[in-house]
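Me: I am new to this structure. Could you walk me through its aromatic rings and its nonpolar cores?

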Amino acid sequence: MGCFQSRTDETDQIVTPPQPPKQVYSWDRTERPDPKDITFEDLEEAVVGKLPGSLKGKAFVIRNCKSTRIYLFDFTAAVSVDDCENCELVIGPVKGSVFVRDCVGCRVLVATHQFRMRDCRKMELHLHVSSQPVIENCVGIKFGCFQGNYKGIAQQMKEAGLSCFINNWSVIHDFTPVPETENWTLIPPDIKPSIELPEKEGKFSEATFTFESNRLPLTMGSIKQRLEGFFPCLIAFAANVDTDKILDFIQTSQSNKVVLIQTMELKLTEDQSSQLFSSKKVLKELKSSAQQVGVILLEYNLSSADLFQSLQLAARNDSNPIDSAVTFMSRDHEQGERDIETLDNIISHKMVS
């Protein structure tokens, strides 16, 4: 008789199908920094910092520090400063925002896209900021233009996406103004920041930080109303001109008789370009395939009409032959007044629109 007991054949064995590879998301691939590498906190009477190349665009946190000197000689994504007292902070280019909260008696030097401050007292700020600085519930705040230079700052500005020629340091927006009270004042550019330099032989000396030269333009900003009797002059460059050439020209041309009021980097429509630059030759040089024309503008005040020629000669300096890159320059004080008035009208229209 046959046997009904079954027998397992090798071909009937259960085979486990191969598992698909585990999906790796972008946040899993990102190397998360150690918090202690991106934070300075609970420090008192210390000197700390980060050298160029040590942060590479990471966000940074500073909190609860007293009488401490902090140097961030690298570009970052964002920086927050909270509950600090009597500290000195030098902060390299910031791609996003700098938030300062609940601080008193600090001195801050920073280049950033946005600057926001809340609940602070007796602060000294020296800014290079792309947008309008904003304060809220603050008193005794002094604003000045960014001053200083250190190794690699120009390249870091590019990495942070900041323009050397867009600085609104003196255009303050106060959310909580008090009638007949000045919550903030402006510092003239001839007054240097009251920030101590790193020791020449110290651990941050290789950054070669100095106030003796300014790689970023040092401007008067809205203090320009004080320059009575000076003559306005406008100089324009196409936006594709080498930034270093323009910065070199600014450094060699400035003096107590040739004062840089403001620098701008704008996109102009063809109509706006025609208003500002009536010369067909200039318009041809600026013409591009785009609907808007990129220009870099320098507004100067000259102490005498004779200095128009001196400024033109400075542009032709053999050590800095930038004359071929100058697209437009006011030829005399009468044209300079018309140029600045036209520029102010264009800016007002752009702000409204």
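**Rings and cores**

Reply: In this predicted model, one aromatic cluster is formed by Tyr-71, Phe-73, Tyr-150, Phe-204, Phe-209 and Phe-211. The structure holds eight aromatic pairs.

Me: Why is the pair of Phe-40 and Phe-60 called edge-to-face?

Reply: Their ring centres are 5.0 Å apart and their planes meet at 65°. Rings pair if their centres lie within 6.5 Å, and planes over 60 degrees apart count as edge-to-face. So the pair is edge-to-face.

Me: What makes this pair a tie between parts of the chain?

Reply: Phe-40 lies in strand S1 and Phe-60 in strand S3, so the pair ties together parts 20 residues apart in sequence. Both Phe-40 and Phe-60 are buried.

Me: How do you know that Phe-237 and Phe-249 form an aromatic pair?

Reply: Their centres are 6.4 Å apart, and the cut-off is within 6.5 Å. The angle between the planes is 65°, and the pair is edge-to-face. Phe-237 sits in strand S13 and Phe-249 in helix H3, twelve residues apart. Phe-237 and Phe-249 are both buried.

Me: Which residues have the most contacts inside the largest nonpolar core?

Reply: They are Ile-62, Met-117 and Met-123, in a core of 43 residues. Strand S6 gives the most to this core, with five residues. Met-123 touches residues including Val-100, Cys-106, Met-117 and Ile-141.

Me: Which residues does the second core include?

Reply: This separate core has 41 residues, among them Phe-146, Tyr-150, Tyr-300 and Phe-308. Tyr-150 also belongs to the aromatic cluster.

Conventions:
Residues are numbered from 1 along each chain as its sequence is written. This is a predicted model: local features need pLDDT of at least 70, side-chain atom pairs count only at pLDDT 80 or more; totals for chains, interfaces and linings use all residues. Side-chain values use heavy atoms; hydrogens and water are left out. Rings of Phe, Tyr and Trp (its six-membered ring) pair if their centres lie within 6.5 Å; planes under 30 degrees apart count as stacked, over 60 as edge-to-face and the rest as tilted. Helices (H or I, at least four residues) and strands (E, at least two) are DSSP runs, numbered from the N terminus. Buried means under 20% relative accessible area, exposed over 50%, partly exposed in between (1.4 Å probe, protein chains only). A nonpolar core is a set of buried Ala, Val, Leu, Ile, Met, Phe, Trp, Tyr and Cys residues joined through side-chain atoms within 4.5 Å. Contact means heavy atoms within 4.5 Å. Lists of a residue's contacts leave out its neighbours within four places in sequence.
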